[in-house]
Amino acid sequence: MYYISARMPKGINTVGSQLKLNELKIAYTGALILDDKKIIRESHITSDISSGIIKEVTDANIEYVGLYSYDSWYVNSDNYWTQREILGTKVEPDRMDIKGFTPGNIHKIMLRDTPEKISVIDKKLRAHGEVNVFKTRDTTLEIFDTSCSKAVSVKFMSEHFNIPLESMMAIGDSEGDKEMIRTVGYGIAMGNAEESIKEIAFDVTASNDEDGVAKALKKYFP
């Protein structure tokens with residue numbers, strides 16, 4: 001069992017250590033894949049594109065801007081969204097004025113704000129076509145290099161472990177999981193997923209509040 005996540009490696013460890021997952025860590029939706037501590041796949045948002053996005057989102061006064069690189073996490077302020085991320089990941093960020101930040105190897109940019117402001121910036125960023133943009137909630141955008149997606153990650157795992165895609169199972173609930181669910185033979189949508197994800201899934205399990213992952217695994221691996 002492997003955990004493909006948009007989180008940083010430290011954030012994956014919060015869950016992975018409890019579940020005793022294998023050493024392969026697929027972080028940042030596949031932008032960083034680690035076998036133990038060895039990097040076996042990596043891609044970044046280029047510095048020029050990162051700088052352009054940072055300018056655009058700061059001009060739009062987006063409340064939460066998070067920049068992620070390896071196990072480093074930089075935020076524009078200590079606000080409600082920052083505290084939510086700390087609570088979820090158990091990782092502390094570096095707080096800084098990102099306007100003057102010179103981006104290097106950025107694996108992910110996260111934006112959080114009201115649904116109205118997120119919707120506007122979402123359309124602007126998608127129009128550029130320079131990055132992969134996933135609206136994981138109506139208040140949240142996650143931005144990656146165009147070579148990154150969870151579908152790309154499962155294809156990588158299929159080749160790495162010589163497992164046919166049609167024999168693989170993937171479980172997810174957000175826009176970032178949609179292509180992954182469509183790519184494998186057994187794509188399972190969580191009960192709390194959007195209808196568009198449930199429609200393309202092989203099966204639908206219970207919600208994340210109802211132990212949906214455990215129920216799916218017990219159903220197919222009794």
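Modeller: The 28 positive and 34 negative charges of the protein have mean positions that lie 2 Å apart. This value, like every other one given here, comes from a predicted model. The accessible surface amounts to about 11,200 Å², and carbon and sulfur atoms account for 49% of that surface.

As to overall form, the C-alpha trace extends over about 55 × 40 × 30 Å along its principal axes. The radius of gyration is 17 Å, which agrees with the value near 17 Å for a compact globule of 222 residues. The chain forms 8 helices and 12 strands. Of the 222 residues, 46% are buried. When contacts between residues at least 6 apart in sequence are considered, 45% of them join residues at least 24 apart.

The part you ask about, the largest nonpolar core, consists of 20 residues. Within this core, Ile109, Leu111 and Ile143 have the most contacts. Two or more residues of the core come from each of the following elements: helix H2 (47-59), strand E4 (64-69), strand E7 (108-112), helix H4 (115-128), strand E8 (131-137) and strand E9 (140-145). Helix H2 gives the most, with 4 residues.

With neighbours within four places in sequence left aside, isoleucine 143 is in contact with Ile45, Ile53, His107, Lys108, Ile109, Leu111, Leu125, Val131, Asn132 and Val133. This list includes Ile109 and Leu111, which are named with Ile143 as the residues with the most contacts inside the core.

Serine 47 belongs to helix H2. Threonine 114 is placed in the loop between E7 and H4. With a relative accessible area of 33%, threonine 114 is likewise partly exposed. Threonine 114 is 84 residues from glycine 30 in sequence, and their C-alpha atoms are 27 Å apart.

Lysine 90 sits in the loop between helix H3 (80-89) and strand E6 (94-95). The phi of lysine 90 is positive, near 60°, although the residue is not glycine. Its relative accessibility is 60%, so lysine 90 counts as exposed. Aspartate 211, in the loop between strand E12 (203-204) and helix H8 (212-220), also has a positive phi, of about 60°, and is not a glycine. The relative accessible area of aspartate 211 is 52%, which places it above the 50% limit and therefore among the exposed residues.

Strand E12 also contains valine 204. This valine has a relative accessible area of 36% and is therefore partly exposed. Not counting residues up to four places away in sequence, valine 204 touches Ala189, Met190, Gly191 and Lys198. From arginine 84, valine 204 is separated by 120 residues in sequence and by 28 Å in space, C-alpha to C-alpha.

To return to your request, the core has 20 residues, with Ile109, Leu111 and Ile143 as the members with the most contacts inside it, and helix H2 gives the most residues to it.

Technical notes:
Residues are numbered from 1 along each chain as its sequence is written. This is a predicted model: local features need pLDDT of at least 70, side-chain atom pairs count only at pLDDT 80 or more; totals for chains, interfaces and linings use all residues. Side-chain values use heavy atoms; hydrogens and water are left out. The radius of gyration is taken over C-alpha atoms; the globule rule is 2.2 Å times the number of residues to the power 0.38. Buried means under 20% relative accessible area, exposed over 50%, partly exposed in between (1.4 Å probe, protein chains only). Contact means heavy atoms within 4.5 Å. Accessible areas come from the Shrake-Rupley method with a 1.4 Å probe; for residues, only the protein chains shown count as cover. Lys and Arg count as positive and Asp and Glu as negative; His and the chain ends are not counted. The place of a charge is taken as NZ of Lys, CZ of Arg, CG of Asp or CD of Glu. A nonpolar core is a set of buried Ala, Val, Leu, Ile, Met, Phe, Trp, Tyr and Cys residues joined through side-chain atoms within 4.5 Å.
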